[in-house]
Amino acid sequence: RVSQTDVTTTAATSIQSYVVPAASLAAGDVIVIRVAGNFIVNTDGQTISLLFKLGGTTALDGTTITTSSPLESAFAESSSEVPYVMEVTLVVRTTGASGTAMCVTTVTTPTHRAISIPTEVSIDTTVSRILSVVATISAITGSPANHLSAETGTVRIN
């Protein structure tokens, strides 16, 4: 579970991360990362992006695998909180230094649902890997100011 995170800066911010230990995955394993919270975008033309990153030594420097951007694409500017849920599903196909996986991301709000194209990715399962969800806001303006909160987050491996 992620502790509550409120993104109020334009810097990329990790809102959920999980370290997959080395040699812990098997072919057929399914990893599901789920983050839920609220956001405000109160000025037209400003955006909030959610990215799923795989690998790297920190949650922010992994390879971007999927992007759900902009999050607010179905909304007009608003000073009211809008709920969202982002779910990342990673299915391990093969393991080892040249392992592979399929990844798909879904972002849902009350009036909009965006699903990424399933993407095959390389994943070296012989070393630990950081999986993370990263948020970026284009500008912090307005009252109340643009922001994104991550209220809950879970990681499940089946």
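The legends below describe close-up views of a predicted model.

**View 1. The largest nonpolar core has 31 residues.** I15, L50 and L148 touch the most other members of this core. Strands β2 (13-20), β3 (30-40), β4 (48-54), β6 (82-94), β7 (100-109), β10 (129-137) and β11 (147-157) each give two or more residues to the core. The largest share comes from β6, with six residues. In soluble globular proteins, nonpolar side chains tend to be buried together.

**View 2. R34 and E87 form a salt bridge.** This pair belongs to a set of three salt bridges in the structure. The N to O distance between the two side chains is 3.0 Å. R34 is partly exposed, because its relative accessibility is 39%. E87 is also partly exposed, with a relative accessible area of 26%.

**View 3. R93 and E120 form a salt bridge.** Their closest N and O atoms are 3.1 Å apart. R93 lies in strand β6 and E120 in strand β9 (residues 119-122), and the pair links distant parts of the chain, 27 residues apart. The relative accessible area of R93 is 45%, so R93 counts as partly exposed.

**View 4. R129 and D124 form a salt bridge.** The closest N and O atoms of this pair are 3.9 Å apart. R129 has a relative accessibility of 23% and is partly exposed, whereas D124, at 18% relative accessible area, is buried. The two residues fall into separate classes because buried means under 20% relative accessible area.

Notes: Residues numbered from 1 in each chain as written. Predicted model: local features only at pLDDT ≥ 70, side-chain atom pairs only at ≥ 80, totals over all residues. Heavy atoms only, no water. Core = buried A, V, L, I, M, F, W, Y, C linked by side-chain atoms within 4.5 Å. Buried < 20%, exposed > 50% of the residue type's maximum accessible area, 1.4 Å probe, protein only. Helix = DSSP H or I, 4+ residues; strand = E, 2+ residues; numbered from the N terminus. Salt bridge = Lys/Arg side-chain N within 4 Å of Asp/Glu carboxyl O.
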